[in-house]
Structure formats: C-alpha cells, structure tokens
Amino acid sequence: MKQQIIIFDTTLRDGEQSPGASMNTGEKLRLARQLEKLGVDVLEAGFPAASEGDLDAVSKIAAKLEKTEVTALARANKPDIDRAWQAVRHAAKPRIHTFIATSDIHMDYKLKMTRQEVLQAAIDAVKYAKSFTDNVEFSAEDGSRSDRDFLCKIFEAAIEAGATTVNLPDTVGYAIPHEFEDLVTYIISHTPNIDKAVLSVHCHNDLGLATANTLAAIRAGARQAEVTINGIGERAGNTSLEEVVMAIRTRANYLPVKTAINTEQIYPTSRLVSMITGIMVQPNKAIVGANAFAHEAGIHQDGVLKNPMTYEIMKPETIGLSTSKLILGKHSGRHALRTHLKNLGYDLSDEEVNLVFKKFKELADKKKHVVDEDLEAIVTEGVLRTADIFRLEYQHVTSGTTVLPMASVKLSINGRPVQGADYGNGPIDAVYNTISKLTGSRAELLRFSISALTGGTDAMGEVTVRLRENGLVALGKGADPDIITASAKAFINGLNRLEYLKTHPVQTPESL
Ligand code: KIV
Ligand code: ZN
C-alpha cells in the first residue's frame with residue numbers, strides 16, 4: 001500500500017511574502033476555498049501575530065473550511081501562540097505551527113540565544129500550544145544549516161513535549177538533493193521518538209532545487225511536503241505544489257507514495273493565484289506554464305499526433321487544462337457562460353455571474369469571439385478584485401505625431417467622482433500623470449509590460465505594472481481591447497493595492 005504524503009499549502013502565508021503579492025481578506029477567502037477544492041490536507045492561512053488584518057483573515061478562513069486542516073504560524077512565544085490559537089480555534093480541524101531557528105548563525109546573530117535556551121523555548125512553545133490543541137507542528141528554522149545532532153535533539157524534545165509534526169525547513173534554499181536526502185535519513189535514524197510524529201520538509205528555491213530537495217526528502221521518509229501554488233514565496237519562492245504532486249503521480253513507479261490532490265483543480269488554482277496576486281506564471285514553468293504542453297518543433301507535433309505519449313509524459317486534462325477552448329459569441333447565453341466559468345474553475349454567485357455576463361456582452365459587441373483568456377480578465381477585474389478605493393470611470397487621450405499627448409480622466413474615489421486633465425510625453429504618460437494628480441499618488445512606476453491576451457488584432461491588451469511608494473511595492477493588472485484603457489486600469493489596480501498595503505503591510509516573522 002502506498003503511503004500518503006500530506007500536502008501542506010502555505011500560499012497564503014509564505015506565498016504572500018513574495019514581493020508585491022499581498023492579498024486582501026476577500027481574495028484570501030476565495031483562494032482558501034479553491035485550495036480546499038484542490039484537496040490540500042493542511043492550509044497555512046497566515047501569521048496572525050503580524051497584524052489585526054492577518055488575524056481576521058485567518059479566523060475567517062478557519063471558520064469557512066470544512067474538510068481542510070487550517071493552521072497559523074507563531075514564533076515560539078506565548079503572545080504569538082495565543083493569537084494563532086485565537087485565529088484557528090473555530091476551524092473544523094485546527095493546528096498551531098510554532099517555530100524557532102536552530103542554526104548557529106541564526107541563534108548567535110538573530111536570536112542571540114544559546115542552544116540550551118533555544119531548546120527550552122521550543123519545548124515551552126510546544127507545551128503551551130498543546131494546551132490549546134493536540135495538533136501541533138514544530139519547525140526548526142534554517143534546519144538544513146543546523147548542527148545535525150542538535151536538530152535531532154530539538155526534534156526529540158519537541159515530540160516529547162507533544163508535537164505531532166516536526167518540520168525541517170531549508171529556509172535559505174541552500175540544500176542539494178543528495179545532501180538533503182541524507183539529512184532526512186540521519187534525522188529518522190537519530191531521533192528516537194520520530195515514529196510518534198510526521199516528519200515534514202519545507203524548501204525554498206534559491207538554487208532552483210526546492211522540488212528536487214522535497215522529492216529527495218520524501219524518498220528518505222518525509223511524509224509532509226510544505227508547498228505553494230506556482231512556487232510563489234519569498235525571494236525565489238517555495239517548492240511548487242503542482243511540481244511535487246505531478247512528479248509523484250507521473251513517476252508512481254519510482255516514488256512509492258501518493259497524494260490526495262484532485263489534480264484537475266491544479267490549473268484553475270494556478271490561474272486564480274496568478275490573477276489574485278498579479279504574479280504572472282513564466283511561460284516555461286513546469287506543469288502550469290503557458291508552454292508546458294505546447295509542442296513547437298515539427299517532429300514533436302508529428303509524434304504527438306500519432307501518439308501523445310511520444311512526447312507528453314502527462315495529459316493536459318489531468319491538471320485541468322482543457323485542450324478544446326470554448327468560444328463564446330454575442331449570442332451566447334447566461335447559462336453557457338456560467339457553465340463555462342465553472343469549467344474554468346470559477347464558482348461564482350448569481351450576482352457575480354450577472355456582473356461577468358454584462359461585461360462579457362460589452363466585450364462581445366467589440367470582439368467577435370470571446371475566449372477563456374478574455375473571460376478570465378473579466379472575472380479578475382469584475383469579481384476577484386474587491387474593495388477598490390479608486391475606480392476608472394472613463395479616460396480619453398489625444399495623441400499622434402503632431403500633437404502634445406493629452407489625457408482627460410474621470411475617476412471615482414471611494415464613490416466620489418473626480419476629473420482632470422494633464423499632458424505627457426506619450427498617451428500613457430499623460431494618463432498616468434492625470435491619475436497621479438487626481439489621486440495625489442507619488443507612486444513610482446518601476447516596471448510596465450504589455451501583451452496581447454490572444455492572437456488577432458482585436459485581442460485584449462493585458463498590462464502589468466509594478467509600483468513603489470514609500471518602500472511599499474505593489475503589482476497592478478488591467479485588460480481591455482483599448483491598450484491605453486488597459487494601462488489606466490493596471491495603474492489604478494496597482495494604486496489600490498498600494499493603499500491596501502499602507503493599512504495592511506505584509507509582515508514576516510523576521511520583520512516584526
Ligand atoms: O522558511 C522557513 O523556515 C519558514 C518557517 C517559518 C517554516 O517559512
Ligand atoms: Zn519558508
């Protein structure tokens with residue numbers, strides 16, 4: 001019988017630490033529901049000690065999910081553990097996740113604590129967490145760079161104190177697969193009570209080895225993998241859920257384990273994460289990248305037509321990628337739209353479907369065929385992005401070879417209409433200057449990119465911007481058949497995200 005690997009998703013906690021990836025509570029709730037549909041076993045919903053906003057989001061997620069275990073992160077101290085418990089206590093299956101660094105470099109320079117003090121803090125934290133729930137995870141931060149025997153000693157003590165999961169993080173993405181496999185083997189054979197807990201791993205991707213290290217650890221006996229969707233996370237990110245799950249499934253002959261993930265929900269979940277966070281998935285990303293199943297070379301195409309397995313080791317349908325794209329036109333009805341949105345992974349309320357339907361009809365008047373990418377852009381703008389302060393009412397620009405580009409823009413700010421005009425050295429500059437003037441924003445445009453969502457000259461243009469104001473960085477996205485409107489929408493979306501960040505800064509355990 002194959003043993004099951006527990007999939008612990010930390011997209012909402014470690015994933016949110018990606019620069020610019022902050023999500024509001026509504027977005028987090030929607031994503032949490034999708035992660036439950038995907039079948040993750042444990043969902044790390046946040047770090048409640050960071051802020052009231054984090055505590056509130058984790059509490060709402062905990063109250064909402066029915067099957068999935070919900071956990072919250074806490075440093076090894078009583079106030080953090082109190083807040084973590086306050087946030088998850090209403091979950092159907094709550095877990096407290098407490099951690100402390102165990103490498104000499106972290107203990108000496110960051111914590112300024114001796115090994116004995118760290119050991120005691122870990123024991124006290126686990127015992128305290130255990131007073132609230134039986135389900136306690138202990139993580140040894142920077143575990144892969146810690147002294148092996150100290151690591152085994154602290155795991156043994158944590159299990160003795162009541163930890164039901166002990167987690168080995170490769171916090172700085174330093175490990176190499178053989179070495180990591182060897183470390184897991186060492187821990188299993190030198191921690192006398194390891195059979196009383198689940199051994200977990202949590203890898204970062206600084207050397208591009210997070211998935212390889214996670215799989216190596218699983219081969220050695222780890223039974224929980226901590227992952228994020230699309231591999232998002234601090235710096236180069238975390239281990240990607242889709243890579244680990246599909247490697248286990250595709251190489252079932254080599255890896256004697258299984259997961260409970262509903263793989264057909266992988267692609268919709270990946271799209272949702274990208275839409276909500278604004279972080280694009282690189283086209284060549286394994287499993288979920290736009291090119292992951294695209295065969296360019298003639299020789300490959302020929303082989304795939306004769307038998308897909310010649311060059312395809314996985315079927316696109318397995319990850320929920322439909323090969324036949326439904327094309328909707330202006331005569332398509334609400335029912336067809338709702339069914340199709342469902343197939344794309346968007347389970348919308350009646351009110352949300354009505355909103356999308358209205359926008360879809362508007363687009364279908366301008367564009368003959370509305371395809372999946374168009375629908376996703378509509379859903380993102382109309383439904384997924386909630387609680388906007390600034391909204392675009394209209395924009396108008398004059399530009400050309402002989403006139404000074406000028407824009408006039410009308411916005412609503414918290415429902416109050418404002419309008420104004422300004423010049424620029426191009427139409428986008430003119431629109432951005434006007435929006436900045438109207439909103440009083442001093443945001444600096446760090447990056448601007450535009451691409452066509454589909455082929456054809458009537459395609460929607462999708463603009464992504466990266467903005468910075470007072471050290472805060474936010475991404476913004478906008479799509480429209482008119483690229484100046486798409487640019488305005490992206491800028492406004494970025495400004496809304498900056499506003500949200502001003503009141504809900506993303507705090508990491510290290511930044512507190
Ligand atoms: O990378 C890390 O060490 C972490 C821990 C808090 C589990 O995210
Ligand atoms: Zn991490």
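Colleague: How do I read the surface state of Tyr423: buried, exposed or partly exposed?

Modeller: Go by relative accessible area: under 20% is buried, over 50% exposed, and in between partly exposed (1.4 Å probe, protein chains only). Tyr423 comes out at 45%, so it counts as partly exposed. This is a predicted model, where local features need pLDDT of at least 70 and side-chain atom pairs pLDDT 80 or more, while totals for chains, interfaces and linings use all residues. Residues are numbered from 1 along each chain as written, chains are lettered from A and ligands numbered from 1 in written order, and side-chain values use heavy atoms, without hydrogens or water.

Colleague: Which strand holds Tyr423?

Modeller: Strands are DSSP runs of E, at least two residues, numbered from the N terminus. Tyr423 sits in β13, residues 416-423.

Colleague: And which protein donors does the zinc ion (ligand 2) have?

Modeller: Donors are N, O and S atoms within 2.8 Å of the metal (3.2 Å for Na, K and Ca); water isn't among the atoms, so a site may look incomplete. Here you've got Asp14 through OD, plus His202 and His204 through NE2, at 2.0 to 2.1 Å. Along the chain, the spacing reads D-x187-H-x1-H. Both histidines, His202 and His204, are buried.

Colleague: What surrounds ligand 1?

Modeller: Look for residues with a heavy atom within 4 Å. Around ligand 1 they include Arg13, His97, Phe99, Ser139 and Glu141, and the zinc donors Asp14, His202 and His204 also belong to that shell.

Colleague: How far are the side-chain N or O atoms of Asp14, His202 and His204 from an oxygen of ligand 1?

Modeller: A polar contact pairs N or O atoms within 3.5 Å. For Asp14 the distance is 3.2 Å, for His202 3.1 Å, and for His204 3.0 Å. As for elements, β5 (94-101) and β6 (136-141) each give two or more residues to the shell around ligand 1.

Conventions: Helices (H or I, at least four residues) and strands (E, at least two) are DSSP runs, numbered from the N terminus. A polar contact is a pair of N or O atoms within 3.5 Å; within protein, one must be able to donate a hydrogen and the other to accept it, and residues adjacent in sequence count only if both atoms are side-chain atoms.
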